[in-house]
Amino acid sequence: MAGRAQIPTKSSALIAMIADEDTVTGFLMAGVGNVDLRRKTNYLIVDSKTTVKTIEDAFKDFTFKEDVAIVLISQYVANMIRFLVDSYNKPVPAILEIPSKDHPYDPVHDSVLSRVRYLFSAESVASGRR
């Protein structure tokens, strides 16, 4: 189909992660970890010593890599770089905000849900329903 984003098929697509240690460890145990030839990983473990610049760089790196299909980011980490997350508008890789052990999930701050709410409100206005 024309206009659809294509995920590379020459090798399997990756899931990248930016989250706390427990969340990343759980996903690594499930098998989503990857280390490339340059010894770069597909995850960033965020703790109290991680700078916002490091998080920004990881987000930009993961969203520009051609072999990444999904970027999972803990919502509290996404709030640190909200301007980047909200300005990202490409379909692939998809950005999904997830809860973490110590920080509850708040759907009000989720960028995907806010876009869905906007689309549905625009559709209801266009169709005359509200």
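## Terms and basis of the model

A residue is called buried when its relative accessible area is under 20%, exposed when that area is over 50%, and partly exposed in between, with a 1.4 Å probe and protein chains only. By this rule Gln-75, at 4% relative accessibility, counts as buried.

The model is predicted, so that local features need pLDDT of at least 70 and side-chain atom pairs count only at pLDDT 80 or more, while totals for chains, interfaces and linings use all residues. Residues are numbered from 1 along each chain as its sequence is written, and side-chain values use heavy atoms, with hydrogens and water left out.

## The chain as a whole

The protein chain has 5 helices and 4 strands, where helices (H or I, at least four residues) and strands (E, at least two) are DSSP runs numbered from the N terminus. Read from the N terminus, the elements follow the order β-α-β-α-β-α-α-β-α.

Of the 130 residues in the protein chain, 32% count as buried. The chain exposes about 8600 Å², of which carbon and sulfur atoms supply 58%; accessible areas come from the Shrake-Rupley method with a 1.4 Å probe, and for residues only the protein chains shown count as cover. Among contacts (heavy atoms within 4.5 Å) between residues at least 6 apart in sequence, 64% join residues at least 24 apart.

## The aromatic pair

Rings of Phe, Tyr and Trp (its six-membered ring) pair if their centres lie within 6.5 Å, and planes under 30 degrees apart count as stacked, over 60 as edge-to-face and the rest as tilted. A search of the whole structure finds 1 aromatic pair.

Gln-75, already noted as buried, lies in helix H3 (residues 75-80). Leaving aside neighbours within four places in sequence, Gln-75 is in contact with Arg-82, Glu-97, Ile-98, Pro-104, Tyr-105, Asp-106, His-109 and Asp-110.

Thr-23 belongs to helix H1 (residues 21-29) and is buried, with a relative accessible area of 13%. With neighbours within four places in sequence again left aside, the contacts of Thr-23 are Met-17, Ile-98 and Ser-100.
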